[in-house]
Amino acid sequence: MLAAAWVVMTFTHECGHIVGGMACGATLTDFDLVPWRMPYSLHSPDPHPLVTLWAGPLLGVAVPLIAASIIRKRWAWFIADFCVIANGGYLALAWLSGDRFLDTPRLLAAGAYPASIVVYCILTIGAGYVWFRSDCIYYLAPTTKSGEPSDATESR
C-alpha cells in the first residue's frame, strides 16, 4: 500500500503542476511522471509561475482527499493521508535543501510569501502526521480472530 501511496502522491503532485500551468497559459515543454525517478514538469513561457508551482502541492493533497471521501474505504484514506504528509514534508525538506530545482526555492524565487509556505507545511505535516499515524496503527496493530485490529476504529 505504501508503494501505491507513493505513486499516487508523485502523480497527483506533478499533474497538479501540469494542470496549474495549463490553467494559466503556460507552455509545457517537458515532463516526466515516472514515480521511481524524481517526476518533473517544465513550462516555458510561464506567465504565472506561482499558480503553476502552488498547483502541485495543492492538488497533490486535494485530489487524493476528495477521492478518499468518495471511495470511503480505509485503504483510500491511507493513501490520501500519506499524500497530505508527503506534500508538506516535501516542501519543508526542499526549503531546507535549498536545491534550486525543487518546488520551495522555486516558489520563493517566484515571489511566494515565506509565511504561506510555512502555514502550508504546518497544516499538512500536522494533520498528515495525526491521520497517517492513525492509519499505520490500524494496519500494524495485532488482529483478532475475525481479522480486525484489536481496537479497530474507522478513520473519518
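Is His43 buried or exposed, and what is its relative accessible area? The points below begin with the basis of the model and then take up this residue.

1. Basis. The model is predicted: local features need pLDDT of at least 70, side-chain atom pairs count only at pLDDT 80 or more, and totals for chains, interfaces and linings use all residues. Residues are numbered from 1 along each chain as its sequence is written, and side-chain values use heavy atoms, with hydrogens and water left out.

2. His43. This residue is buried, with a relative accessible area of 14%; buried denotes under 20% relative accessible area, exposed over 50%, and partly exposed in between, with a 1.4 Å probe and protein chains only. His43 belongs to strand S2. Helices (H or I, at least four residues) and strands (E, at least two) are DSSP runs, numbered from the N terminus. When residues up to four places away in sequence are not counted, His43 touches His17, Ile18, Gly21, Ala26, Thr27, Leu28, Thr29 and Thr52; contact means heavy atoms within 4.5 Å.

3. Strands S1 and S2. S1 and S2 run antiparallel and are joined by four bridges; strands pair if DSSP finds at least two bridges between them. Asp30 has Leu42 in S2 as its bridge partner.

4. Helix H1. Residues 2-23 form H1, whose 22 residues reach 31 Å from first C-alpha to last, close to the 32 Å expected at 1.5 Å a residue. That expected span is 1.5 Å times one less than the number of residues. The buried residues of H1 include Met9, His13, Glu14, His17 and Ile18. The buried residues of H1 pack against strand S1 (28-32), strand S2 (40-43), H2, H3 and helix H4 (103-109). Just after H1, Gly25 has a positive phi of about 85 degrees.

5. Nonpolar cores. A nonpolar core is a set of buried Ala, Val, Leu, Ile, Met, Phe, Trp, Tyr and Cys residues joined through side-chain atoms within 4.5 Å. The largest has 10 residues, among them Leu53, Trp54, Val84, Ala112 and Tyr120. At least two of its residues come from each of helix H2 (49-71), helix H3 (74-97) and helix H5 (114-140). A second, separate core of eight residues includes Met9, Cys83, Ala86 and Phe132. Apart from neighbours within four places in sequence, Ala112 is in contact with Leu50, Trp54, Leu107 and Ile117.

6. Aromatic pairs. The whole structure contains five aromatic pairs. Rings of Phe, Tyr and Trp (its six-membered ring) pair if their centres lie within 6.5 Å; planes under 30 degrees apart count as stacked, over 60 as edge-to-face and the rest as tilted. The ring centres of Trp54 and Tyr120 are 5.7 Å apart with planes at 65 degrees, so this pair is edge-to-face. Trp54 in helix H2 and Tyr120 in helix H5 are 66 residues apart, and both are buried.

7. Phe78 lies in helix H3 and Tyr139 in helix H5, so the pair ties together parts 61 residues apart in sequence. Phe78 is buried at 7% relative accessible area, whereas Tyr139, at 33%, counts as partly exposed. Ring pairs link Phe78, Phe82, Phe132, Tyr138 and Tyr139 into a cluster.
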